[in-house]
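Please find below a short note on this model.

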Amino acid sequence: MSQIPRQLVIFGGQGSGKGTQAARLAEQFGLESIGTGDILRRMASEGTPAGDKIAKIIGAGQLVPDDMIAEIVSLQLESLPADRGFVLEGYPRTVRQADLLREVLDRLGRSPASVVFITLDVPRDVVVKRLLERGRHDDTQELIEERLRLYEEQTTPVLKAVEQWATVVHINGNQPVETVTEEISNQLNNAQAQA
Ligand code: AMP
């Protein structure tokens, strides 16, 4: 049996169900859940100068600078006991972030090679429908399409980069929530058996 704690990354665009699956996996495997969107929203509501800056960036649908978010994630990972696993959600979103993740794991002696990236694949039309139903004010068809385009533009290079040092598994995210969790668990067991 492997002594390395589970190190998972949930990868998927808006509306792919990654938040839901991250919470379920954290519960099922007893992992620390680290969601960068949640952390940033919390910081944005604090009313500090840094928080105000983050709020502006989120409000404009842009990404916060790589070095800033990498620092936040590094602090979270550093504070984890060495035997505690994690599920990262919403990070890395760029190739630079992926490189910085690998670096910090290396530095902490947390075997980057054992990380499993779980990619939730959901057809574009299903995602658009889910987001339109969510009905947030920034969820107009036009803005959704733009965010999806940006995501797709950035996703492929990130996946290509991490394939060099980690395991990447693809899951059909267009299924009931429980089925998606079950398929992820099965894939994780397979990945571990092959390690
Ligand atoms: P999310 O809840 O994951 O969709 O994140 C909400 C917002 O937080 C995003 O639209 C970005 O502005 C910001 N954000 C979250 N994660 C990251 C990240 N890894 N890099 C840069 N910005 C991020």
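1. The side chain of T36 has an N or O atom 2.8 Å from a nitrogen atom of the ligand; a polar contact here is a pair of N or O atoms within 3.5 Å, and within protein one atom must be able to donate a hydrogen and the other to accept it, with residues adjacent in sequence counted only if both atoms are side-chain atoms. For Q97, a polar side-chain atom is 2.9 Å from a nitrogen atom of the ligand. In Q62 a backbone N or O atom is involved, 2.5 Å from an oxygen atom of the ligand. The ligand on its own has 480 Å² of accessible area, and the protein covers 90% of that (Shrake-Rupley method, 1.4 Å probe; for residues, only the protein chains shown count as cover).

2. This is a predicted model, in which local features need pLDDT of at least 70 and side-chain atom pairs count only at pLDDT 80 or more, while totals for chains, interfaces and linings use all residues. Residues are numbered from 1 along each chain as its sequence is written, and side-chain values use heavy atoms, with hydrogens and water left out.

3. T181 sits in helix 8, residues 177-194. T181 is buried, at 4% relative accessible area (buried is under 20%, exposed over 50%, partly exposed in between, with a 1.4 Å probe and protein chains only). Its side chain makes a polar contact of 2.7 Å with the side chain of R24. A polar side-chain atom of T181 is also 3.1 Å from the backbone oxygen of V177. Beyond neighbours within four places in sequence, T181 contacts Q21, R24, L25 and Q28 (heavy atoms within 4.5 Å).

4. The protein chain has eight helices and five strands. Their order along the sequence is β-α-β-α-α-α-β-α-β-α-α-β-α. The C-alpha trace spans about 50 × 40 × 30 Å along its principal axes. Of the 195 residues, 42% are buried. Among contacts between residues at least 6 apart in sequence, 73% join residues at least 24 apart.

Terms used:
Helices (H or I, at least four residues) and strands (E, at least two) are DSSP runs, numbered from the N terminus.
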